[in-house]
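This report is for a reader meeting the structure for the first time. Please look over the sequence and the 3D view before reading on.

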Amino acid sequence: MKRYGMVIKVKPEKLEEYKKLHAAIWPGVARMITECNIRNYSIFYKDGYLFSYYEYIGEDYEADMAKMAADPTTQKWWEVCKPCQEPLETRGEGEWWAVMEEVFHQD
């Protein structure tokens, strides 16, 4: 299992919309997250930033992320969510959410 932390900004005028979307996540999106071997997925908010955390239990992260990206329902979900978000200028090439470095963990 590998842990992932990611960060992105949320547009202040879109915060409530973003919260409402995630309070009623589309079933097909939730199903795809599970099918792509993501577990224990959470998104937190603080001072204009969204922090996501999840655990990946699969064997091929790139293939699972490609599967998710190819899913029509997930694509529509992203189209609805992306206008609420503002990516960090310091994100890596090809990233929307900026991947964070894990500097500490204790079980």
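This is a predicted model: local features need pLDDT of at least 70, side-chain atom pairs count only at pLDDT 80 or more; totals for chains, interfaces and linings use all residues.

## Strand pairing

Strand β3 covers residues 49-56. Strand β1, residues 2-10, pairs with β3 in the antiparallel sense over eight bridges. In this pairing, Lys2 stands opposite Tyr56 of β3.

Strand β2 (38-46) also runs antiparallel to β3, and seven bridges join the two. Here Ser42 stands opposite Tyr53 in β3.

## Ser52 in strand β3

Ser52 is part of β3. Its relative accessibility is 1%, so Ser52 counts as buried, the cut-off for buried being under 20%.

Leaving aside neighbours within four places in sequence, the contacts of Ser52 are Tyr4, Gly5, Met6, Tyr41, Ser42, Ile43 and Trp97. Ser42, one of these contacts, is the residue that stands opposite Tyr53.

## Positive phi in two loops

Most residues other than glycine have a negative phi. Asn37 has a positive value, near 70 degrees. Asn37 is found in the loop between α2 (27-35) and β2.

Asp47 also has a positive phi, near 50 degrees. Asp47 is placed in the loop between β2 and β3, and the hairpin of these strands has two residues between them. Because its relative accessibility is 60%, Asp47 counts as exposed, the cut-off for exposed being over 50%.

Definitions and conventions. Residues are numbered from 1 along each chain as its sequence is written. Side-chain values use heavy atoms; hydrogens and water are left out. Helices (H or I, at least four residues) and strands (E, at least two) are DSSP runs, numbered from the N terminus. Buried means under 20% relative accessible area, exposed over 50%, partly exposed in between (1.4 Å probe, protein chains only). Contact means heavy atoms within 4.5 Å. Two strands pair if DSSP finds at least two bridges between them.
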